[in-house]
Protein chains: 2
Amino acid sequence: MKDKEFYNHISQYIDLDIARFSEISDFFEEVKVGKKKLVYEPSEKCNKIFYTAKGCLNLYFIDDRGMERTIQFSIENWWIGDFLAFYNQSPTNFYIKSIEASKLLSITYDNYEKLLQKYPKLESYFRQTYQIAYGAFQFRMMHMFKFSKEELYFCFTDHFPSFAERVPQYLIASYLGLTPEYVSEIRAKIRS
Amino acid sequence: MKDKEFYNHISQYIDLDIARFSEISDFFEEVKVGKKKLVYEPSEKCNKIFYTAKGCLNLYFIDDRGMERTIQFSIENWWIGDFLAFYNQSPTNFYIKSIEASKLLSITYDNYEKLLQKYPKLESYFRQTYQIAYGAFQFRMMHMFKFSKEELYFCFTDHFPSFAERVPQYLIASYLGLTPEYVSEIRAKIRS
């Protein structure tokens, strides 16, 4: 078995026999990376998604000015990838990089399809995972519309204090659509 | 059977016997509304999601200044609702209103759970639906970071011309996080 935590995580969503899990985990490949390593980069066909077993990563694209813009983070028990491009087997513009040393379980498109065919119970696990992730994005969009830049920053650090400690400020800025300079300014303001 | 189009839509994602569909459709309630009618409003427990069989609707919240801010639209064959609050059976802040006269199929939380228990094949249908919707949100986030306000407006109207025709300008503005005045300005600029 590749990861007991992964089994525990899936078991929160569906009933899964541990013997069955051992077969399931064979569809995944374990990927260990150090800090600040590129895990995935833009390609003609997005053929992988990743489960974060340990660590912290971000999914980003590079804008016209060469800036890395973070679409989302992933910590333990979250999935990361370009889910539309993966579904359509189309090109992706997204990079994935480790923020901390991380352990991932990657799955290819072919293995994902085979896995769901062979273990249809996992459809429910992924359905719940995507339903939550989609709903969380709706919630995030509300926050982006609702709050000023300053409020957005404090809302993030207040709601996810342990997360904000793990992620460098310039990446939080990137995720919130703020400049690193702006984040420095508001942090200086609360210290003064 | 409540809606042949709904059957055709589901059949694009999973193999489904038409006789079986007849039983499935009993879990849904048909809702017909005229133009500009409130279909759902904030509540202590989000207990419904909606499939758009016909028409066009928007999901929005009301900000501190009393402005309606559109999180998303739904047209034929899309689902609309607060998917996280529905999953958690928690309060929702979102309203749903019809933009055109619309026909929806609504499902309660209890029926949704029973439906998935009884027809686990539908887990795959919803898994795909949410995977696509989640991925589309990632893509939208990229656009919001990548483009200027003006580019965002033209990107939207260029990519979804038929959609832009159905939706009033002030709602497109609301969806893109722009003011209606700003959209009027850039529209006047291209006409001049």
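Predicted model: local features only at pLDDT ≥ 70, side-chain atom pairs only at ≥ 80, totals over all residues.
Strand β8 of chain A, residues 102-108, is largely enclosed by the rest of the structure, because 6 of its 7 residues are buried. Buried here means under 20% relative accessible area, with exposed being over 50% and partly exposed in between, for a 1.4 Å probe and protein chains only. Helices (H or I, at least four residues) and strands (E, at least two) are DSSP runs, numbered from the N terminus.

Residues are numbered from 1 along each chain as its sequence is written, chains are lettered from A and ligands numbered from 1 in the order in which they are written, and side-chain values use heavy atoms, with hydrogens and water left out.

Two strands pair if DSSP finds at least two bridges between them.

In chain B, an open sheet of 4 strands runs in the order β1-β8-β3-β6, with antiparallel pairing. Its edges are β1 (29-33) and β6 (79-80), each with a single partner strand, so one side of each has no neighbour in the sheet. Between β1(B) and β8(B), residues 102-108, there are 5 bridges, and K32(B) is the bridge partner of K103(B). Helix α4 of chain B, residues 109-118, packs on this sheet, touching β3 (48-54) and β8 of chain B, and its direction makes about 75° with that of β8(B). Contact means heavy atoms within 4.5 Å. Axes are lines fitted to C-alpha atoms, for helices over the stretch in contact, and angles run from 0 to 180 degrees between N-to-C directions.

Another open sheet of 4 strands in chain B has the order β2-β7-β4-β5, again with antiparallel pairing. Here β2 (38-40) and β5 (68-74) stand at the edges with a single partner strand each, so one side of each is left without a neighbour in the sheet. From one strand to the next, the twist averages 35°. Strand β4 of chain B, residues 57-62, pairs with β5(B) over 6 antiparallel bridges, and N58(B) stands opposite F73(B). Helix α5 of chain A, residues 121-146, packs on this sheet of chain B, touching β4 and β5, at about 150° to the direction of β5(B).

How do the two chains relate? Chain A can be laid on chain B with an RMSD of 0.0 Å by a turn of 180° and a shift of 0.0 Å along the axis. The copies are thus related as by a two-fold rotation axis. Superposition is by least squares on the C-alpha atoms of residues with pLDDT of at least 70 in both. R127(A) is the residue of chain A that comes closest to the axis, at 1.9 Å (C-alpha). The copies meet through the same surface, because 100% of the interface residues of chain A are also interface residues in chain B.

Finally, the aromatic rings. Rings of Phe, Tyr and Trp (its six-membered ring) pair if their centres lie within 6.5 Å; planes under 30 degrees apart count as stacked, over 60 as edge-to-face and the rest as tilted. By this rule there are 56 aromatic pairs over all chains. One of them, F83(B) with Y130(B), is edge-to-face, with 5.4 Å centre to centre and 70° between the planes. F83(B) lies in helix α3 (residues 83-88) and Y130(B) in helix α5 (residues 121-146) of chain B, so the pair ties together parts that are 47 residues apart in sequence. F83(B) is buried at 0% relative accessibility, and Y130(B) is buried with a relative accessible area of 1%.
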